[in-house]
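Hello,

As promised, I am handing over the structure so that you can look at it yourself before reading on.

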Amino acid sequence: MIEFRNVSFAYEKNRPVLSGISFHIDEGENVGLIGANGAGKSTVMKLLLGFLQGEGEILVHDIPVCKDTLAEIRKICGFVLQNSDDQMFMPTVLEDLMFGPVNYGMTKQQAERKADEVLAGLDIAYLKNRYNHRISGGEKRMAAVASVLAMEPEVLLMDEPTAALDPYNRRMIINTIRKLPQTKIITSHDLDMILDTCTRVILIGGGTVAADGPAEEILTNKKLLEAHRLELPLRFSGSSI
Amino acid sequence: MNRAENALYELNEMDELANGNSPVHRFSALAKLLVTVIYIAVTMSFDRYDLSGVLMMAVYPYVLFQLSGIPFRTCIYKMRYIIPLIAFVGIFNPLLDRTAFVTIGRVPLSYGWLSFAVLFAKGMLAISASFLLAATTRIDAVCAALRKLRMPAEIVTVILLMYRYVSVLVEEVGVMSNAYHLRAPGQKGIHYSAWGSFLGQLLLRSMDRAQELYASMLLRGYHGEFLYTAEAGMAGRDWMYLLTWTAVIALLRSVPVIQIIGNLFM
Ligand SMILES: Nc1ncnc2c1ncn2[C@@H]1O[C@H](COP(=O)(O)OP(=O)(O)OP(=O)(O)O)[C@@H](O)[C@H]1O
Ligand SMILES: [Mg+2]
(Lines give C-alpha, C1' and ligand atoms only; values in the text may rest on other atoms or scores of the structure.)
(Ligands and ions follow the chains in the order given, each with its own letter.)
Protein backbone atom coordinates (compact mmCIF):
# COMPACT_ATOMS: atom_id res chain seq x y z
CA MET A 1 0.00 0.00 0.00
CA ILE A 2 2.99 2.31 0.47
CA GLU A 3 5.89 2.12 -1.89
CA PHE A 4 9.15 4.04 -2.22
CA ARG A 5 10.86 3.45 -5.54
CA ASN A 6 14.43 4.60 -5.71
CA VAL A 7 13.75 7.85 -3.88
CA SER A 8 16.54 10.41 -3.46
CA PHE A 9 16.48 13.74 -1.74
CA ALA A 10 18.82 16.56 -0.78
CA TYR A 11 18.02 19.72 1.17
CA GLU A 12 21.15 21.36 -0.17
CA LYS A 13 22.86 20.55 -3.42
CA ASN A 14 25.74 18.09 -3.13
CA ARG A 15 24.62 17.00 0.33
CA PRO A 16 22.21 14.15 -0.36
CA VAL A 17 20.24 12.98 2.66
CA LEU A 18 18.62 10.03 0.93
CA SER A 19 20.07 8.37 -2.13
CA GLY A 20 17.99 5.66 -3.69
CA ILE A 21 15.59 4.42 -1.00
CA SER A 22 13.21 1.61 -1.89
CA PHE A 23 10.75 -0.31 0.23
CA HIS A 24 7.24 -1.59 0.16
CA ILE A 25 4.81 -1.65 3.07
CA ASP A 26 1.69 -3.81 3.02
CA GLU A 27 -1.68 -3.02 4.47
CA GLY A 28 -1.84 -3.64 8.23
CA GLU A 29 1.92 -3.77 8.71
CA ASN A 30 3.54 -2.02 11.65
CA VAL A 31 6.92 -0.72 10.62
CA GLY A 32 9.57 0.87 12.78
CA LEU A 33 11.78 3.35 10.97
CA ILE A 34 15.08 3.66 12.81
CA GLY A 35 18.46 5.26 12.27
CA ALA A 36 20.91 7.64 13.89
CA ASN A 37 20.15 11.33 14.40
CA GLY A 38 20.11 12.98 11.02
CA ALA A 39 19.82 9.69 9.13
CA GLY A 40 16.75 10.99 7.34
CA LYS A 41 13.78 9.41 9.11
CA SER A 42 11.72 12.57 9.37
CA THR A 43 12.66 13.35 5.80
CA VAL A 44 11.15 10.05 4.66
CA MET A 45 7.88 10.97 6.35
CA LYS A 46 7.81 14.45 4.90
CA LEU A 47 8.43 13.04 1.43
CA LEU A 48 5.59 10.60 1.87
CA LEU A 49 3.21 13.41 2.88
CA GLY A 50 4.31 15.57 -0.02
CA PHE A 51 5.86 18.33 2.09
CA LEU A 52 9.13 17.71 0.28
CA GLN A 53 9.65 16.64 -3.30
CA GLY A 54 12.53 14.41 -4.23
CA GLU A 55 13.51 12.21 -7.13
CA GLY A 56 12.06 8.78 -7.68
CA GLU A 57 8.53 7.62 -7.09
CA ILE A 58 6.37 7.34 -4.00
CA LEU A 59 3.05 5.57 -4.20
CA VAL A 60 0.23 5.32 -1.70
CA HIS A 61 -2.46 2.86 -2.77
CA ASP A 62 -0.94 3.09 -6.23
CA ILE A 63 -1.54 6.85 -6.23
CA PRO A 64 1.70 8.72 -6.94
CA VAL A 65 2.47 11.45 -4.41
CA CYS A 66 2.47 14.74 -6.32
CA LYS A 67 0.84 18.17 -6.20
CA ASP A 68 -2.48 17.04 -7.61
CA THR A 69 -2.92 14.12 -5.25
CA LEU A 70 -1.89 15.77 -2.00
CA ALA A 71 -5.44 16.08 -0.66
CA GLU A 72 -6.07 12.39 -1.32
CA ILE A 73 -2.74 11.28 0.13
CA ARG A 74 -3.17 13.36 3.27
CA LYS A 75 -6.64 11.94 3.78
CA ILE A 76 -5.17 8.44 3.75
CA CYS A 77 -2.11 9.19 5.88
CA GLY A 78 -2.48 10.70 9.32
CA PHE A 79 0.67 12.24 10.76
CA VAL A 80 1.40 12.61 14.44
CA LEU A 81 4.05 15.32 14.68
CA GLN A 82 7.03 15.05 16.95
CA ASN A 83 6.02 18.21 18.78
CA SER A 84 2.40 18.07 19.94
CA ASP A 85 2.40 21.83 20.52
CA ASP A 86 2.59 22.30 16.78
CA GLN A 87 -0.11 19.74 16.22
CA MET A 88 -2.74 21.18 18.49
CA PHE A 89 -3.57 24.66 17.25
CA MET A 90 -7.15 25.16 18.36
CA PRO A 91 -8.02 26.42 21.84
CA THR A 92 -9.65 23.26 23.17
CA VAL A 93 -9.10 19.56 22.63
CA LEU A 94 -12.60 19.10 21.25
CA GLU A 95 -12.18 21.82 18.64
CA ASP A 96 -8.87 20.38 17.60
CA LEU A 97 -10.48 17.01 17.09
CA MET A 98 -13.31 18.52 15.08
CA PHE A 99 -11.06 20.61 12.85
CA GLY A 100 -10.09 17.80 10.46
CA PRO A 101 -13.47 16.06 10.09
CA VAL A 102 -15.29 19.35 9.48
CA ASN A 103 -12.75 20.28 6.81
CA TYR A 104 -13.56 17.01 5.14
CA GLY A 105 -17.23 17.78 5.04
CA MET A 106 -18.75 16.52 8.28
CA THR A 107 -21.31 18.69 10.02
CA LYS A 108 -20.45 20.06 13.44
CA GLN A 109 -22.71 17.50 15.12
CA GLN A 110 -21.20 14.58 13.23
CA ALA A 111 -17.71 15.82 13.97
CA GLU A 112 -18.43 16.14 17.67
CA ARG A 113 -19.83 12.63 17.76
CA LYS A 114 -16.70 11.41 15.99
CA ALA A 115 -14.56 13.26 18.54
CA ASP A 116 -16.45 11.69 21.43
CA GLU A 117 -15.97 8.27 19.92
CA VAL A 118 -12.22 8.71 19.44
CA LEU A 119 -11.68 10.19 22.89
CA ALA A 120 -13.61 7.36 24.50
CA GLY A 121 -11.60 4.82 22.51
CA LEU A 122 -8.37 6.26 23.88
CA ASP A 123 -9.79 6.55 27.42
CA ILE A 124 -9.31 10.29 27.49
CA ALA A 125 -12.91 11.47 27.38
CA TYR A 126 -12.10 13.69 30.37
CA LEU A 127 -9.89 15.85 28.15
CA LYS A 128 -12.72 16.80 25.81
CA ASN A 129 -13.38 20.35 26.97
CA ARG A 130 -9.94 21.11 28.35
CA TYR A 131 -7.79 23.87 26.94
CA ASN A 132 -4.74 22.72 25.05
CA HIS A 133 -2.45 25.03 26.99
CA ARG A 134 -3.66 23.66 30.30
CA ILE A 135 -2.99 19.96 29.86
CA SER A 136 0.20 18.04 30.51
CA GLY A 137 2.69 16.91 27.87
CA GLY A 138 1.50 13.32 28.02
CA GLU A 139 -2.13 14.29 27.78
CA LYS A 140 -1.31 16.55 24.87
CA ARG A 141 0.41 13.71 23.04
CA MET A 142 -2.65 11.51 23.55
CA ALA A 143 -4.89 14.33 22.34
CA ALA A 144 -2.66 14.81 19.29
CA VAL A 145 -3.02 11.13 18.44
CA ALA A 146 -6.77 11.51 18.90
CA SER A 147 -6.90 14.53 16.58
CA VAL A 148 -5.28 12.44 13.87
CA LEU A 149 -7.47 9.38 14.49
CA ALA A 150 -10.57 11.55 14.19
CA MET A 151 -9.71 11.82 10.50
CA GLU A 152 -10.02 8.05 10.16
CA PRO A 153 -6.70 7.61 8.38
CA GLU A 154 -5.75 4.25 6.91
CA VAL A 155 -2.10 4.82 7.67
CA LEU A 156 -0.63 6.37 10.81
CA LEU A 157 2.74 8.07 10.64
CA MET A 158 4.24 8.83 14.03
CA ASP A 159 7.45 10.77 14.56
CA GLU A 160 8.94 9.97 17.95
CA PRO A 161 5.64 9.27 19.69
CA THR A 162 7.25 8.55 23.06
CA ALA A 163 9.87 11.29 23.15
CA ALA A 164 9.75 13.34 26.35
CA LEU A 165 7.11 11.18 28.00
CA ASP A 166 7.43 9.75 31.48
CA PRO A 167 7.30 5.94 31.84
CA TYR A 168 3.59 5.91 32.63
CA ASN A 169 2.58 8.02 29.64
CA ARG A 170 5.03 6.16 27.44
CA ARG A 171 3.32 2.92 28.40
CA MET A 172 -0.08 4.50 27.72
CA ILE A 173 0.97 5.50 24.22
CA ILE A 174 2.49 2.11 23.51
CA ASN A 175 -0.67 0.33 24.60
CA THR A 176 -2.73 2.70 22.51
CA ILE A 177 -0.58 2.14 19.43
CA ARG A 178 -0.83 -1.61 19.85
CA LYS A 179 -4.59 -1.46 19.91
CA LEU A 180 -4.93 0.61 16.75
CA PRO A 181 -5.69 -1.44 13.65
CA GLN A 182 -4.19 0.97 11.09
CA THR A 183 -1.06 0.45 9.05
CA LYS A 184 1.69 2.24 10.97
CA ILE A 185 5.08 3.73 10.36
CA ILE A 186 6.80 4.80 13.56
CA THR A 187 10.16 6.51 13.90
CA SER A 188 11.96 6.47 17.19
CA HIS A 189 15.20 6.03 19.05
CA ASP A 190 13.23 4.20 21.70
CA LEU A 191 13.94 0.74 20.33
CA ASP A 192 12.10 -0.98 23.16
CA MET A 193 8.98 0.83 22.07
CA ILE A 194 9.61 -0.17 18.47
CA LEU A 195 9.94 -3.76 19.57
CA ASP A 196 6.65 -3.50 21.46
CA THR A 197 4.74 -1.96 18.60
CA CYS A 198 6.29 -3.09 15.33
CA THR A 199 6.78 -6.39 13.58
CA ARG A 200 9.10 -5.05 10.94
CA VAL A 201 11.99 -2.61 11.08
CA ILE A 202 13.59 -0.52 8.37
CA LEU A 203 17.01 0.83 9.29
CA ILE A 204 18.09 3.94 7.45
CA GLY A 205 21.78 4.72 7.27
CA GLY A 206 24.17 6.30 4.82
CA GLY A 207 21.25 7.57 2.78
CA THR A 208 19.92 4.13 1.97
CA VAL A 209 17.99 1.27 3.51
CA ALA A 210 20.73 -0.40 5.52
CA ALA A 211 18.52 -3.22 6.74
CA ASP A 212 14.91 -4.27 6.39
CA GLY A 213 13.41 -7.26 8.14
CA PRO A 214 11.54 -8.67 11.13
CA ALA A 215 11.85 -6.47 14.20
CA GLU A 216 13.25 -9.23 16.41
CA GLU A 217 15.95 -10.04 13.93
CA ILE A 218 17.22 -6.51 13.39
CA LEU A 219 16.80 -5.31 16.95
CA THR A 220 18.90 -8.19 18.26
CA ASN A 221 21.71 -7.66 15.78
CA LYS A 222 24.17 -5.83 18.00
CA LYS A 223 26.82 -5.32 15.30
CA LEU A 224 24.39 -3.83 12.83
CA LEU A 225 22.85 -1.49 15.39
CA GLU A 226 26.17 -0.30 16.72
CA ALA A 227 27.38 0.39 13.21
CA HIS A 228 24.51 2.86 13.03
CA ARG A 229 25.11 4.43 16.41
CA LEU A 230 22.20 2.56 17.97
CA GLU A 231 22.09 0.16 20.90
CA LEU A 232 20.28 -3.05 21.63
CA PRO A 233 16.89 -2.59 23.25
CA LEU A 234 17.30 -2.72 27.02
CA ARG A 235 15.65 -6.09 27.37
CA PHE A 236 18.30 -7.68 25.13
CA SER A 237 21.27 -5.88 26.56
CA GLY A 238 20.66 -7.88 29.77
CA SER A 239 23.97 -8.87 31.36
CA SER A 240 26.00 -6.19 29.63
CA ILE A 241 24.73 -3.49 31.99
CA MET B 1 7.61 32.02 34.21
CA ASN B 2 9.49 34.69 32.34
CA ARG B 3 7.81 37.69 30.77
CA ALA B 4 7.28 36.08 27.38
CA GLU B 5 5.60 33.06 28.91
CA ASN B 6 3.40 35.35 30.90
CA ALA B 7 2.32 37.17 27.79
CA LEU B 8 1.57 33.87 26.12
CA TYR B 9 -0.52 32.80 29.04
CA GLU B 10 -2.57 35.95 28.75
CA LEU B 11 -3.06 35.43 25.05
CA ASN B 12 -4.39 31.97 25.72
CA GLU B 13 -6.71 33.43 28.30
CA MET B 14 -8.31 35.51 25.56
CA ASP B 15 -9.37 32.22 23.98
CA GLU B 16 -10.99 31.23 27.22
CA LEU B 17 -12.87 34.51 27.50
CA ALA B 18 -14.03 34.13 23.91
CA ASN B 19 -15.38 30.69 24.69
CA GLY B 20 -17.71 32.07 27.36
CA ASN B 21 -21.45 31.80 27.19
CA SER B 22 -23.02 35.19 27.86
CA PRO B 23 -25.84 36.68 25.76
CA VAL B 24 -23.22 38.69 23.89
CA HIS B 25 -21.19 35.59 23.09
CA ARG B 26 -24.24 34.00 21.54
CA PHE B 27 -24.82 36.67 18.88
CA SER B 28 -23.33 35.86 15.50
CA ALA B 29 -19.77 36.96 14.85
CA LEU B 30 -20.84 38.77 11.71
CA ALA B 31 -23.28 41.01 13.58
CA LYS B 32 -20.71 41.79 16.29
CA LEU B 33 -17.99 42.45 13.75
CA LEU B 34 -20.16 44.89 11.81
CA VAL B 35 -21.28 46.72 14.94
CA THR B 36 -17.67 47.00 16.10
CA VAL B 37 -16.53 48.44 12.77
CA ILE B 38 -19.42 50.91 12.63
CA TYR B 39 -18.87 51.90 16.24
CA ILE B 40 -15.16 52.57 15.81
CA ALA B 41 -15.67 54.49 12.57
CA VAL B 42 -18.36 56.67 14.10
CA THR B 43 -16.40 57.27 17.29
CA MET B 44 -13.40 58.41 15.27
CA SER B 45 -15.56 60.81 13.28
CA PHE B 46 -16.35 63.16 16.19
CA ASP B 47 -14.93 66.66 16.12
CA ARG B 48 -11.63 66.99 17.93
CA TYR B 49 -13.12 69.26 20.60
CA ASP B 50 -16.39 67.37 21.07
CA LEU B 51 -15.61 65.74 24.40
CA SER B 52 -19.19 65.34 25.57
CA GLY B 53 -20.17 63.69 22.30
CA VAL B 54 -17.34 61.21 22.45
CA LEU B 55 -17.99 60.42 26.10
CA MET B 56 -21.59 59.53 25.32
CA MET B 57 -20.28 56.83 23.00
CA ALA B 58 -19.18 54.96 26.12
CA VAL B 59 -22.74 53.69 26.30
CA TYR B 60 -21.88 50.87 23.90
CA PRO B 61 -18.87 49.39 25.71
CA TYR B 62 -20.63 49.97 29.04
CA VAL B 63 -23.66 47.93 28.01
CA LEU B 64 -21.49 45.19 26.49
CA PHE B 65 -19.29 44.87 29.56
CA GLN B 66 -22.46 44.52 31.64
CA LEU B 67 -24.11 41.99 29.34
CA SER B 68 -21.03 39.85 28.78
CA GLY B 69 -20.06 39.76 32.44
CA ILE B 70 -16.46 40.56 31.52
CA PRO B 71 -15.02 43.00 34.05
CA PHE B 72 -13.77 46.31 32.69
CA ARG B 73 -10.59 45.91 34.68
CA THR B 74 -9.75 42.77 32.67
CA CYS B 75 -9.78 44.96 29.58
CA ILE B 76 -7.57 47.57 31.23
CA TYR B 77 -5.20 44.89 32.43
CA LYS B 78 -4.87 43.18 29.04
CA MET B 79 -4.46 46.49 27.26
CA ARG B 80 -2.02 47.94 29.74
CA TYR B 81 0.80 48.10 27.22
CA ILE B 82 -1.32 49.82 24.61
CA ILE B 83 -2.90 52.51 26.79
CA PRO B 84 0.34 54.53 27.19
CA LEU B 85 0.66 54.52 23.41
CA ILE B 86 -2.79 56.03 23.06
CA ALA B 87 -1.86 58.74 25.53
CA PHE B 88 1.33 59.35 23.60
CA VAL B 89 -0.49 60.04 20.32
CA GLY B 90 -2.01 63.27 21.66
CA ILE B 91 0.66 64.20 24.16
CA PHE B 92 1.89 67.25 22.22
CA ASN B 93 -1.53 68.79 21.70
CA PRO B 94 -1.48 70.67 25.02
CA LEU B 95 1.85 72.24 24.05
CA LEU B 96 0.82 73.23 20.56
CA ASP B 97 -2.63 74.61 21.22
CA ARG B 98 -2.61 76.82 24.31
CA THR B 99 -5.64 79.00 23.76
CA ALA B 100 -7.77 78.74 26.89
CA PHE B 101 -11.38 77.75 26.36
CA VAL B 102 -12.45 77.72 29.96
CA THR B 103 -11.00 78.71 33.30
CA ILE B 104 -11.72 76.50 36.25
CA GLY B 105 -11.09 78.49 39.40
CA ARG B 106 -7.87 80.22 38.39
CA VAL B 107 -6.51 77.45 36.20
CA PRO B 108 -7.00 78.02 32.47
CA LEU B 109 -7.76 74.87 30.47
CA SER B 110 -6.50 75.08 26.91
CA TYR B 111 -7.96 73.68 23.70
CA GLY B 112 -4.84 71.57 23.51
CA TRP B 113 -5.80 69.73 26.68
CA LEU B 114 -9.34 69.37 25.39
CA SER B 115 -8.26 67.79 22.11
CA PHE B 116 -5.84 65.59 24.02
CA ALA B 117 -8.71 64.36 26.17
CA VAL B 118 -10.90 63.74 23.13
CA LEU B 119 -8.15 61.81 21.37
CA PHE B 120 -7.47 59.73 24.45
CA ALA B 121 -11.18 59.00 24.95
CA LYS B 122 -11.55 57.97 21.30
CA GLY B 123 -8.58 55.66 21.60
CA MET B 124 -9.84 54.07 24.80
CA LEU B 125 -13.30 53.54 23.33
CA ALA B 126 -11.91 51.96 20.17
CA ILE B 127 -9.66 49.70 22.23
CA SER B 128 -12.55 48.68 24.47
CA ALA B 129 -14.72 47.89 21.47
CA SER B 130 -12.00 45.77 19.86
CA PHE B 131 -11.31 44.04 23.14
CA LEU B 132 -15.00 43.28 23.57
CA LEU B 133 -15.17 41.76 20.10
CA ALA B 134 -12.11 39.59 20.79
CA ALA B 135 -13.32 38.59 24.25
CA THR B 136 -16.79 37.59 23.14
CA THR B 137 -16.09 36.08 19.73
CA ARG B 138 -13.79 33.25 18.79
CA ILE B 139 -11.09 34.00 16.26
CA ASP B 140 -12.28 31.37 13.81
CA ALA B 141 -15.80 32.79 14.01
CA VAL B 142 -14.43 36.25 13.26
CA CYS B 143 -12.52 34.78 10.31
CA ALA B 144 -15.61 32.98 9.06
CA ALA B 145 -17.52 36.27 9.28
CA LEU B 146 -14.80 37.98 7.26
CA ARG B 147 -15.16 35.29 4.63
CA LYS B 148 -18.89 35.91 4.63
CA LEU B 149 -18.10 39.53 3.86
CA ARG B 150 -16.18 38.31 0.81
CA MET B 151 -12.75 39.03 2.21
CA PRO B 152 -10.35 36.91 0.08
CA ALA B 153 -9.51 33.53 1.62
CA GLU B 154 -5.78 34.30 1.49
CA ILE B 155 -6.10 37.39 3.65
CA VAL B 156 -8.35 35.65 6.15
CA THR B 157 -5.90 32.77 6.39
CA VAL B 158 -3.12 35.23 7.08
CA ILE B 159 -5.17 36.80 9.87
CA LEU B 160 -5.86 33.43 11.45
CA LEU B 161 -2.27 32.32 11.12
CA MET B 162 -0.98 35.58 12.56
CA TYR B 163 -3.15 34.99 15.59
CA ARG B 164 -1.81 31.47 15.95
CA TYR B 165 1.77 32.43 15.14
CA VAL B 166 1.93 35.17 17.70
CA SER B 167 1.79 32.51 20.38
CA VAL B 168 4.46 30.49 18.59
CA LEU B 169 6.66 33.56 18.40
CA VAL B 170 6.14 34.44 22.04
CA GLU B 171 6.88 30.87 23.06
CA GLU B 172 10.16 30.90 21.16
CA VAL B 173 11.12 34.21 22.77
CA GLY B 174 10.45 32.58 26.13
CA VAL B 175 12.61 29.57 25.40
CA MET B 176 15.44 31.62 23.95
CA SER B 177 15.49 34.19 26.68
CA ASN B 178 15.57 31.43 29.27
CA ALA B 179 18.48 29.85 27.44
CA TYR B 180 20.25 33.21 27.25
CA HIS B 181 19.82 34.04 30.91
CA LEU B 182 20.97 30.64 32.06
CA ARG B 183 24.32 31.49 30.53
CA ALA B 184 24.33 35.16 31.41
CA PRO B 185 23.29 35.15 35.05
CA GLY B 186 22.59 38.47 36.69
CA GLN B 187 22.15 40.29 33.42
CA LYS B 188 19.09 42.44 32.95
CA GLY B 189 17.56 42.09 29.53
CA ILE B 190 19.62 40.94 26.61
CA HIS B 191 22.87 42.70 25.86
CA TYR B 192 22.64 44.72 22.65
CA SER B 193 25.60 42.92 21.15
CA ALA B 194 23.46 39.77 21.05
CA TRP B 195 20.36 41.38 19.59
CA GLY B 196 21.24 40.63 15.98
CA SER B 197 21.81 36.95 16.39
CA PHE B 198 18.94 36.69 18.85
CA LEU B 199 16.50 38.18 16.37
CA GLY B 200 17.87 36.12 13.50
CA GLN B 201 17.54 32.94 15.50
CA LEU B 202 14.09 33.91 16.62
CA LEU B 203 12.97 34.47 13.06
CA LEU B 204 14.37 31.16 11.86
CA ARG B 205 12.96 29.22 14.76
CA SER B 206 9.51 30.71 14.51
CA MET B 207 9.49 30.16 10.78
CA ASP B 208 10.33 26.50 11.31
CA ARG B 209 7.65 26.09 13.91
CA ALA B 210 5.13 28.07 11.94
CA GLN B 211 5.76 25.76 9.03
CA GLU B 212 5.11 22.72 11.20
CA LEU B 213 1.93 24.29 12.44
CA TYR B 214 0.72 25.13 8.97
CA ALA B 215 1.67 21.61 7.86
CA SER B 216 -0.47 20.11 10.55
CA MET B 217 -3.37 22.31 9.45
CA LEU B 218 -2.92 21.19 5.86
CA LEU B 219 -2.74 17.58 6.96
CA ARG B 220 -6.12 17.94 8.48
CA GLY B 221 -7.68 19.23 5.35
CA TYR B 222 -7.38 23.00 5.76
CA HIS B 223 -7.73 24.60 2.37
CA GLY B 224 -8.22 28.25 3.13
CA GLU B 225 -11.92 27.85 3.64
CA PHE B 226 -13.44 28.19 7.05
CA LEU B 227 -15.05 25.46 9.01
CA TYR B 228 -18.19 27.25 9.84
CA THR B 229 -18.44 29.81 7.04
CA ALA B 230 -21.79 28.29 6.17
CA GLU B 231 -23.02 28.91 9.70
CA ALA B 232 -21.64 32.42 9.87
CA GLY B 233 -24.94 33.87 8.67
CA MET B 234 -27.27 35.98 10.76
CA ALA B 235 -30.53 34.86 12.32
CA GLY B 236 -33.37 37.20 13.28
CA ARG B 237 -31.90 38.09 16.65
CA ASP B 238 -28.55 38.89 15.08
CA TRP B 239 -30.24 41.34 12.73
CA MET B 240 -31.96 42.84 15.76
CA TYR B 241 -28.59 43.23 17.46
CA LEU B 242 -27.06 44.87 14.41
CA LEU B 243 -29.99 47.19 13.73
CA THR B 244 -30.50 48.20 17.35
CA TRP B 245 -26.87 49.14 17.81
CA THR B 246 -26.70 50.90 14.47
CA ALA B 247 -29.71 52.97 15.51
CA VAL B 248 -28.27 53.73 18.96
CA ILE B 249 -24.90 54.70 17.49
CA ALA B 250 -26.56 56.90 14.87
CA LEU B 251 -28.59 58.57 17.60
CA LEU B 252 -25.56 59.19 19.78
CA ARG B 253 -23.74 60.67 16.81
CA SER B 254 -26.45 63.00 15.60
CA VAL B 255 -28.07 64.16 18.82
CA PRO B 256 -26.08 66.00 21.47
CA VAL B 257 -27.63 63.90 24.23
CA ILE B 258 -25.68 65.50 27.06
CA GLN B 259 -26.89 68.98 26.08
CA ILE B 260 -30.48 67.78 25.91
CA ILE B 261 -30.24 66.18 29.32
CA GLY B 262 -28.54 69.32 30.57
CA ASN B 263 -31.32 71.48 29.16
CA LEU B 264 -33.93 69.40 30.95
CA PHE B 265 -32.45 70.37 34.28
CA MET B 266 -31.58 73.96 33.52
N1 LIG C 1 15.43 22.11 6.49
C2 LIG C 1 16.62 21.52 6.32
N3 LIG C 1 17.59 22.11 5.60
C4 LIG C 1 18.77 21.53 5.42
N5 LIG C 1 19.11 20.33 5.92
C6 LIG C 1 18.20 19.67 6.65
C7 LIG C 1 16.90 20.23 6.88
N8 LIG C 1 16.20 19.37 7.64
C9 LIG C 1 17.00 18.32 7.86
N10 LIG C 1 18.21 18.48 7.27
C11 LIG C 1 19.33 17.53 7.27
O12 LIG C 1 18.87 16.34 6.69
C13 LIG C 1 19.35 15.22 7.41
C14 LIG C 1 18.21 14.31 7.80
O15 LIG C 1 17.33 14.99 8.68
P16 LIG C 1 16.08 14.28 9.35
O17 LIG C 1 15.39 15.30 10.13
O18 LIG C 1 15.31 13.54 8.33
O19 LIG C 1 16.80 13.24 10.32
P20 LIG C 1 16.15 12.23 11.35
O21 LIG C 1 16.58 10.88 10.96
O22 LIG C 1 14.72 12.49 11.48
O23 LIG C 1 16.94 12.64 12.67
P24 LIG C 1 16.44 12.68 14.19
O25 LIG C 1 16.60 11.32 14.71
O26 LIG C 1 17.41 13.60 14.83
O27 LIG C 1 15.03 13.16 14.21
C28 LIG C 1 20.14 15.78 8.58
O29 LIG C 1 21.51 15.66 8.27
C30 LIG C 1 19.75 17.21 8.66
O31 LIG C 1 20.86 17.98 9.05
MG1 LIG D 1 13.43 13.29 13.05
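Which strands does H1(A) lie across, and at about what angle does it run to S1(A)? Please keep in mind that this is a predicted model. In the model, H1(A) lies across S1, S2 and S4 of chain A, and its direction makes an angle of about 115° with S1(A).

Those strands belong to an open sheet of four strands in chain A, whose order is S2-S1-S4-S5 and whose pairing is antiparallel. At the edges of this sheet you will find S2 and strand S5 (63-64) of chain A, each of which pairs on one side only. Strand S4 (residues 55-60) of chain A is joined to S5(A) by two bridges in the antiparallel sense, and if you look for A:Leu59, you can see that its bridge partner in S5(A) is A:Pro64.

Next, the ligand. Ligand 1 is surrounded by 13 residues, and the closest are A:Asn37, A:Lys41, A:Ser42, A:Thr43 and A:His189. Strand S1 (2-12), strand S2 (15-25) and helix H1 (41-48) of chain A each supply at least two residues of this shell, while H1(A) gives the most, with three residues.

An N or O atom in the side chain of A:Lys41 lies 2.6 Å from an oxygen atom of ligand 1, a polar backbone atom of A:Gly38 lies 2.8 Å from an oxygen atom of the ligand, and for a backbone N or O atom of A:Ala39 the distance to a ligand oxygen is 3.3 Å. Of the 630 Å² of accessible area that ligand 1 has on its own, the protein covers 63%.

Finally, chain A also has an open sheet of six strands in the order S6-S7-S8-S3-S9-S10, and its pairing is mixed. Strand S6 (77-80) and strand S10 (208-214) of chain A each have a single partner strand, so one side of each is left without a neighbour in the sheet. On average, and with direction ignored, neighbouring strands of this sheet are turned by 15° against each other. Strand S9 (residues 200-205) of chain A runs antiparallel to S10(A) and is joined to it by six bridges, and A:Ile202 stands opposite A:Asp212 in S10(A). Helix H6 (residues 137-149) of chain A lies across S6 and strand S7 (155-159) of chain A, running at about 165° to S6(A).

Best wishes

Note on methods:
Residues are numbered from 1 along each chain as its sequence is written. Chains are lettered from A and ligands numbered from 1 in the order in which they are written. This is a predicted model: local features need pLDDT of at least 70, side-chain atom pairs count only at pLDDT 80 or more; totals for chains, interfaces and linings use all residues. Side-chain values use heavy atoms; hydrogens and water are left out. A residue is near a molecule or strand if one of its heavy atoms lies within 4 Å of it. A polar contact is a pair of N or O atoms within 3.5 Å; within protein, one must be able to donate a hydrogen and the other to accept it, and residues adjacent in sequence count only if both atoms are side-chain atoms. Accessible areas come from the Shrake-Rupley method with a 1.4 Å probe; for residues, only the protein chains shown count as cover. Two strands pair if DSSP finds at least two bridges between them. Contact means heavy atoms within 4.5 Å. Axes are lines fitted to C-alpha atoms, for helices over the stretch in contact, and angles run from 0 to 180 degrees between N-to-C directions.
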